[in-house]
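Have a look at it yourself, and then follow along with my entries.

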Amino acid sequence: MKIEGSVAVVTGAGSGIGRSIAAALASAGASVVVGDIDAAAATDTAATIGGVAVTADAASTDGIATLLDTARQAFGPVDIYVANAGITGQLGLGDDEAAWDRIIDINLRAHIRAAKAVVPEWLERASGHFVAVASAAGLLTQLGAAPYSVTKHAAVGFAEWLAIAYGDKGIGVSCVCPMGVDTAMLRGMSDSPEAEMRMAGAAVTSAGSVVAPETVAALAVQAIIDGKFLVLPHPEVLGMYRQKGADYDRWIAGMRRFRRSLQ
């Protein structure tokens with residue numbers, strides 16, 4: 001996929017990884033629609049990169065339609081869709097059913113609904129690229145928070161399915177799976193009054209380096225250009241993933257020890 005001259009939509013682009021991806025795409029020559037549920041944050045990012053801000057819930061079909069319609073009216077047909085918006089959700093098993101529904105909507109169904117909206121058009125053009133910003137938690141796990149771990153696993157699985165189903169039809173798919181990234185989300189975990197949430201944050205920060213969101217963005221944009229599926233801002237995740245697959249029981253035992261050490 002050629003970035004220059006393309007039209008991109010980035011969700012959750014008011015801050016963090018989404019903001020950095022939007023900026024990297026704009027720097028590479030894309031026209032960018034900056035989507036975020038926070039109107040002020042979206043406006044700030046758009047003003048910084050010369051994009052168009054849209055206040056929308058990227059988990060809803062109406063919100064996705066608004067993002068795509070705005071992009072078409074402002075710039076033309078959408079070439080790149082970056083499903084970046086995400087939340088941490090509740091701790092433990094997640095006692096609140098409504099909160100489970102919300103994190104499934106944002107971390108997973110947002111990807112599914114966006115793909116359903118863009119894939120038919122991309123099939124007609126035999127061109128398009130879908131970026132799923134997931135997490136290393138989707139390949140490994142997230143200590144302390146079942147909803148986050150489960151939805152990130154599902155996001156990786158959906159991205160895999162898209163790549164297999166449409167890779168021969170001109171549609172590219174990239175799945176971004178970082179560990180620690182210097183964002184408000186990670187800082188909020190580390191500074192949480194909840195001991196379990198702090199433990200979840202420590203699990204991330206002690207497993208590897210904490211990288212800048214700009215690092216993740218640069219790798220994600222390069223993956224679009226190269227047509228690469230798996231994006232690992234922390235290369236050591238691949239070794240961890242291989243160890244998990246080589247001996248699942250041993251890996252689970254090791255993760256239990258890791259959890260105990262953090263507590």
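**Entry: Ser149.** I began with Ser149, which lies in helix α5; helices (H or I, at least four residues) and strands (E, at least two) are DSSP runs, numbered from the N terminus. I noted that this is a predicted model, in which local features need pLDDT of at least 70 and side-chain atom pairs count only at pLDDT 80 or more, while totals for chains, interfaces and linings use all residues. Residues are numbered from 1 along each chain as its sequence is written, and side-chain values use heavy atoms, with hydrogens and water left out.

Is Ser149 buried or exposed? I found it buried, because its relative accessibility is 7% (buried means under 20% relative accessible area, exposed over 50%, partly exposed in between, with a 1.4 Å probe and protein chains only). Setting aside neighbours within four places in sequence, I saw Ser149 in contact with Ala137, Thr141 and Gln142 (contact means heavy atoms within 4.5 Å).

**Entry: Ala115.** Next I looked up Ala115, which sits in helix α4 (residues 97-125). Ala115 counts as buried because its relative accessibility is 4%. Beyond its neighbours within four places in sequence, Ala115 touches Pro120, Phe130, Phe158 and Leu162. I also checked Ala83, 32 residues away along the chain: its C-alpha atom is 9.3 Å from that of Ala115.

**Entry: the sheet.** In what order do the strands of the open sheet run? I read seven strands as β3-β2-β1-β4-β5-β6-β7, with parallel pairing (two strands pair if DSSP finds at least two bridges between them). The edge strands, each pairing on one side only, are β3 (52-55) and β7 (230-231).

I then followed two of the pairings. Strand β6 (residues 171-176) is joined to β7 by two bridges, and they run parallel; Val176 has Val231 in β7 as its bridge partner. Helix α5 (residues 146-166) packs on the sheet and touches β5 and β6, its direction making about 160 degrees with that of β6. Strand β4 (residues 80-83) pairs with β5 in the parallel sense over four bridges, and Val82 stands opposite Val131 in β5.

Why is β5 largely enclosed by the rest of the structure? Six of the six residues of β5 (residues 128-133) are buried, so the strand is largely enclosed. I checked both faces: Gly128, Phe130 and Ala132 are buried on one side, and His129, Val131 and Val133 on the other.

**Entry: two helix pairs.** A reminder to myself: two packed helices are described by the angle between their axes and the distance between the axes. Axes are lines fitted to C-alpha atoms, for helices over the stretch in contact, and angles run from 0 to 180 degrees between N-to-C directions.

Helix α1 (residues 16-27) packs against helix α2 (residues 39-49) at about 25 degrees, with the axes 10 Å apart. That makes α1 roughly parallel to α2 (angles under 35 degrees count as roughly parallel, over 145 as roughly antiparallel, 65 to 115 as roughly perpendicular and the rest as oblique). From α1, Arg19, Ala22, Ala23 and Ala26 meet Ala41, Asp44, Thr45, Thr48 and Ile49 of α2.

Helix α7 (residues 195-207) and helix α10 (residues 248-262) pack at about 120 degrees, also with axes 10 Å apart. I listed Glu196, Met199, Ala202, Ala203 and Ser206 from α7, and Phe258, Arg259 and Leu262 from α10, as making the contact.
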